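Here is a friendly walk through one protein model, from its overall contacts to its core and a pair of helices. Please have a look at the sequence and structure first.

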Amino acid sequence: MKRRKFIKNATLSGVGLSLTSTIAACNSSESQKEKATTTVLDNTETSLPLVIATWNVPNATAKAYEILTNGGSVLDALEQGCMVEEADVKNQSVGKGGLPDREGQVTLDACIMDKYGNCGSVVYLQNITHAISVARKVMEDTPHVMLAGKGAEEFAITIGLKRENLLTEASKKNWEEWKVESEYKPIINIENHDTIGMLAIDKNGDISGACTTSGLAYKMNGRVGDSPIIGSGLFVDNEIGAAVATGMGEEVVKTVGSFLVVELMRQGKTPQEACEEAILRIVNKPNSNYKNFQVGYIAVNKAGETGSYSIHQWFSMTKYQDNKNSNIQSDFYNKA
Ligand code: SD4
């Protein structure tokens with residue numbers, strides 16, 4: 001019903017796509033999926049702009065949506081949306097207040113990719129809250145794609161960002177408690193509400209994406225995850241769609257997850273089907289110990305259809321569209 005309304009009321013702006021196909025509503029269980037399946041008539045277009053993000057981050061999507069609806073650029077929307085989470089010290093998987101590595105150092109990874117396929121990223125960035133802004137400037141102002149460590153930090157200073165201590169008292173306390181046992185074990189969904197991957201389509205139908213994180217808590221010093229790796233943590237192809245990952249970065253990197261999701265959409269899969277197949281690539285590996293870690297994907301295609309899927313329950317996607325900000329529980333693999 002809701003889906004029907006969505007399609008009927010769709011704003012006739014943007015991509016000029018003509019669909020004679022079936023849109024399977026995403027992020028729902030099989031039965032919900034069936035109920036919500038609706039045939040879309042020729043010339044029906046999706047309502048734009050549209051913003052989706054990993055986890056429950058309504059303030060971030062609201063910021064991005066506000067910028068897009070006020071005529072701002074999609075890169076401004078993504079950057080400022082991500083900055084909301086980076087600045088929130090209560091969020092312990094991104095920016096200031098992020099949980100540190102084993103040595104007590106907070107190190108950030110981030111990347112951004114635009115509609116032309118340009119991209120920028122930073123890895124092992126310290127003492128700078130807004131890693132996403134640095135990634136954007138790497139893309140826009142340098143001949144490179146990726147800057148790491150000290151070089152990234154020095155570059156951040158040249159673009160006017162300030163050094164600050166990212167280790168808050170709360171995160172320091174958590175780290176000190178962890179040190180008592182020093183047992184490294186990924187905690188499923190510890191990232192909830194925090195690490196942010198965001199995809200947006202502007203009113204012209206152009207897609208871009210961004211991702212920012214402090215990575216896995218208590219990682220080895222020097223460890224870099226999937227989030228700043230173009231193709232793994234994030235991939236955008238403005239002809240097809242975009243995807244972004246969250247969770248155990250090592251597993252995402254091994255399957256070049258976000259690129260895989262986009263390529264599966266290129267082959268005709270819906271965003272939902274593509275996210276599901278990318279998760280299956282991980283869990284169906286021989287000797288996969290998927291029960292011990294979480295991975296989640298969200299994706300959007302050029303028609304504005306979205307999808308999300310994870311290994312375990314409680315992953316969710318925040319979606320802002322048609323002036324409505326909603327958090328949608330993701331369907332998941334491990335129902336045992
Ligand atoms: C990483 N993928 O560093 C990140 C962590 C993450 O939600 O996304 N957490 O592996």
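Of the contacts in the protein with a separation of 6 or more, 66% join residues 24 or more positions apart. Keep in mind that this is a predicted model. Its secondary structure comes to 10 helices and 15 strands, and 54% of its 336 residues are buried.

The largest nonpolar core holds 84 residues, and the members that touch the most others are Val 51, Met 198, Ala 200 and Val 261. Helix α4, residues 74-87, gives the most to this core, with seven residues.

What does Val 51 touch, leaving aside residues up to four places away in sequence? Its contacts are Thr 61, Ala 64, Tyr 65, Leu 68, Ala 77, Gly 81, Met 198, Ala 200 and Tyr 320. Another core, of five residues, lies apart from the largest one and includes Leu 99, Trp 175, Leu 216 and Ala 217.

Next comes a helix pair, α9 and α10. Their axes come within 8 Å and cross at roughly 135°, which makes α9 oblique to α10. The crossing of α9 and α10 is right-handed. The table shows who makes the contact.

| Helix | Residues | Contact residues |
|---|---|---|
| α9 | 257-266 | Gly 257, Leu 260, Val 261, Leu 264, Met 265 |
| α10 | 271-283 | Pro 271, Ala 274, Cys 275, Glu 277, Ala 278, Arg 281 |

By type, the residues of this contact divide into eight nonpolar, one polar and two charged.

Key
Residues numbered from 1 in each chain as written. Predicted model: local features only at pLDDT ≥ 70, side-chain atom pairs only at ≥ 80, totals over all residues. Core = buried A, V, L, I, M, F, W, Y, C linked by C-beta atoms within 7 Å. Buried ≥ 20, exposed ≤ 12 C-beta atoms within 10 Å, placed from the backbone. Helix = DSSP H or I, 4+ residues; strand = E, 2+ residues; numbered from the N terminus. Contact = placed C-beta atoms within 7 Å. Axes fitted to C-alpha atoms, helices over the stretch in contact; angles between N-to-C directions. Parallel < 35°, antiparallel > 145°, perpendicular 65-115°, else oblique. Left-handed = near helix turned anticlockwise from the far one by under 90°. Nonpolar A, V, L, I, M, F, W, Y, C, P; charged D, E, K, R; others polar.
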